[in-house]
Amino acid sequence: MIRIDILTIFPALFGPFLELAFVGQAREKGLARIAVHDLRDWASDRHRSVDDTPYGGGPGMVMTPEPLIPAIEELAGPKGPQRKSRVVVLSPQGRPLDQPRLRGLLAEESLLLVCGRYEGIDQRVLDLAADEEVSLGDYVLSGGEVPAMAIVEGLVRLLPGVLGNPESVRTDSFGGGLLEGPQYTRPPEYRGHGVPEVLRSGDHAAILRWRSAQALTRTRERRPDLLDRGDDPESGN
Ligand code: JFT
């Protein structure tokens with residue numbers, strides 16, 4: 001059972017996401033305990049402020065440590081070896097999320113995902129209260145909520161007993177370090193486009209060979225960076 005707390009000023013964004021599909025099922029089955037917390041509950045001024053103007057000038061607002069650090073400390077414990085949750089702050093400056101990093105997070109029994117907004121988070125929050133900064137990737141979003149959902153979904157599908165078929169976790173893209181090849185279902189012909197004959201041949205050895213050739217071709221064309229990595233693509237991530 002993995003425990004995930006999420007700290008955000010937009011808890012409503014998580015409603016249906018946490019209720020439906022695999023994430024909802026994982027919670028119903030007791031495989032994951034996920035709770036969302038409104039950062040404003042820790043704000044003490046009349047306006048329940050969470051942000052302030054940036055020192056040094058510049059556009060927009062910055063998340064202040066004032067409600068953030070007490071919120072993180074209440075949910076995860078004070079920073080140190082015996083805090084109860086690993087504190088992951090979503091940030092464009094974080095290390096990019098990939099499957100090995102996701103598997104690393106799965107090893108934690110309890111996580112706190114901290115979602116900011118505005119122009120970013122006061123550095124003292126990162127220094128005094130965060131264990132790790134993670135980015136969803138090299139493109140610009142407006143806050144950490146969508147990246148937090150990506151982490152939750154990526155973790156939940158790794159939990160044993162969430163997907164009907166545990167085999168699919170291993171063979172999905174990146175499980176084997178390559179992209180997947182094309183997939184087909186019925187009908188056998190659609191608008192004049194058929195299905196590769198080998199997939200309908202019943203020759204399982206030929207199907208395996210065809211699929212790995214397709215995976216390799218597609219990876220070479222679309223993601224040569226995956227092949228250039230030093231690690232062995234057959235060893236899995
Ligand atoms: C963007 C984000 C990630 C990730 C956290 C916070 C504020 C808005 C922003 C945008 C550009 C520059 C701030 C966030 C992300 C990603 C995460 C925040 N913003 N500075 N954008 N893109 N891949 N993770 Cl806090």
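About 500 Å³ of space lies in the second largest pocket of this predicted model. A pocket here is an open set of points on a 1 Å grid over the protein atoms alone, where a 1.4 Å probe fits, with protein on both sides within 12 Å along at least five of seven lines. The volume is the space filled by probe spheres set on the points, which are joined across faces, edges and corners.

Residues are numbered from 1 along each chain as its sequence is written. The model is predicted, so local features need pLDDT of at least 70, side-chain atom pairs count only at pLDDT 80 or more, and totals for chains, interfaces and linings use all residues.

**The pocket lining**

S5 supplies the largest share, five residues. S5, helix H5 (123-129) and S7 each give at least two. Helices (H or I, at least four residues) and strands (E, at least two) are DSSP runs, numbered from the N terminus.

**The ligand**

Around the ligand stand 20 residues, each with a heavy atom within 4 Å of it. The closest are Gly116, Leu136, Gly137, Tyr139 and Leu141. Three of these names return in the table of polar contacts, which are pairs of N or O atoms within 3.5 Å.

| Ligand atom | Polar backbone atom of | Distance |
|---|---|---|
| nitrogen | glycine 137 | 2.9 Å |
| nitrogen | tyrosine 139 | 2.9 Å |
| nitrogen | leucine 141 | 3.1 Å |

Taken alone, the ligand exposes 530 Å², and the protein buries 87% of that. These areas come from the Shrake-Rupley method with a 1.4 Å probe.

Two elements give two or more residues to the shell: strand S5 (86-96) and strand S7 (132-135). S5 gives the most, with three residues. By class, the shell has ten nonpolar, eight polar and two charged residues. Gly counts as polar in this scheme.

**Two backbone features**

Most residues other than glycine have a negative phi, and most peptide bonds are trans. Arginine 48 has a positive phi of about 50 degrees. Arginine 48 is in the loop between strand S2 (32-38) and strand S3 (51-52). A cis peptide bond joins arginine 186 and proline 187, with omega about 5 degrees. Proline 187 is in the loop between helix H7 (167-171) and helix H8 (204-222).

Technical notes:
Heavy atoms only, no water. Polar contact = N/O pair within 3.5 Å; in protein donor to acceptor, adjacent residues only side chain to side chain. 1 Å grid on protein atoms, 1.4 Å probe; cavity = no way out; pocket = protein on both sides within 12 Å on 5 of 7 lines; lining within 4 Å.
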